[in-house]
Amino acid sequence: MLKNQVAKSAPGGPPSAELIARMLAGLESPRAGVKFGASKALRTLSAGFPELLYPRFDPIAGLLAHPNQILVWNATLTLANLAVVDDQGKIEAVLGTYLRLMRGPGLVTAANAIRAATIIGLARQIGRAHV
């Protein structure tokens with residue numbers, strides 16, 4: 001449901017602060033569908049409107065240590081999408097965690113961390129080109 005609201009709001013502009021707050025709250029839901037839907041919605045939002053999620057970087061970064069791997073996968077990609085607006089060096093603070101995720105033991109987790117690291121690297125390269 002939240003993912004659909006994000007998709008519908010994008011053509012008309014960014015989602016409201018209220019919708020973003022609902023997505024973040026959805027991560028705490030005991031219902032898997034809500035939790036995973038919120039996680040995916042945040043990932044979708046981060047790709048289109050990274051500046052809206054960057055102030056909420058820390059709670060998303062906390063998901064990198066979550067026991068549920070689906071939340072970890074989405075967090076790695078969500079944070080990577082925020083690298084393009086990371087003017088406070090928050091990504092560097094979690095790079096050690098990314099490197100640990102790449103070592104396993106989960107293949108999908110490692111693949112997502114590698115993919116995310118590539119996104120971060122490209123964002124950093126683009127940022128340097130504009131300086």
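In this predicted model, helix H3 (32–48) and helix H6 (69–82) each contribute at least two residues to the lining of the largest cavity. H6 supplies the largest share of that lining, three residues. The lining consists of Leu27, Ser39, Leu42, Ile60, Leu63, Asn74, Ala75 and Thr78. Five of these residues are nonpolar and three are polar. None is charged. The space inside the largest cavity comes to about 50 Å³. Across the whole structure, the search returned one cavity of 30 Å³ or more.

The overall fold is helical. The protein chain contains eight helices and zero strands. Read from the N terminus, its elements run α-α-α-α-α-α-α-α. Of the 131 residues in the protein chain, 41% are buried. Among contacts with a separation of 6 or more, 62% join residues 24 or more positions apart.

The nonpolar residues were examined next. Nonpolar side chains tend to be buried together in soluble globular proteins. Here the largest nonpolar core holds 33 residues. Within this core, Met23, Leu27, Leu53, Phe57, Leu64, Leu79 and Tyr98 touch the most other members. Two or more core residues come from each of helix H2 (17–26), H3, H5, H6, helix H7 (90–102) and helix H8 (107–129). H6 gives the most, with seven residues.

Leaving aside residues up to four places away in sequence, Phe57 touches Leu79, Leu82, Lys90, Ile91 and Val94. The next residue considered was Asp58. Asp58 is found in helix H5 (residues 57–62). Its relative accessible area is 52%, so Asp58 counts as exposed, the cut-off being over 50%. Asp58 and Val94 are 36 residues apart along the chain, and their C-alpha atoms are separated by 10.0 Å. Val94 is one of the residues touched by Phe57.

Charged pairs were then considered. Side chains of opposite charge can pair when their charged atoms come close. The count comes to two salt bridges. In one, Arg124 pairs with Asp86, and the closest N and O atoms are 2.7 Å apart. Arg124 lies in helix H8, whereas Asp86 sits in the loop between H6 and H7, so this pair ties together parts that are 38 residues apart in sequence. In the other, Glu92 pairs with Arg124, with the closest N and O atoms 3.1 Å apart. Glu92 lies in helix H7 and Arg124 in helix H8, so the pair ties together parts that are 32 residues apart in sequence.

Glu92, at 42% relative accessibility, counts as partly exposed.

Technical notes:
Residues numbered from 1 in each chain as written. Predicted model: local features only at pLDDT ≥ 70, side-chain atom pairs only at ≥ 80, totals over all residues. Heavy atoms only, no water. Helix = DSSP H or I, 4+ residues; strand = E, 2+ residues; numbered from the N terminus. Buried < 20%, exposed > 50% of the residue type's maximum accessible area, 1.4 Å probe, protein only. 1 Å grid on protein atoms, 1.4 Å probe; cavity = no way out; pocket = protein on both sides within 12 Å on 5 of 7 lines; lining within 4 Å. Points joined across faces, edges and corners; volume = space filled by probe spheres on them. Nonpolar A, V, L, I, M, F, W, Y, C, P; charged D, E, K, R; others polar. Core = buried A, V, L, I, M, F, W, Y, C linked by side-chain atoms within 4.5 Å. Contact = heavy atoms within 4.5 Å. Salt bridge = Lys/Arg side-chain N within 4 Å of Asp/Glu carboxyl O.
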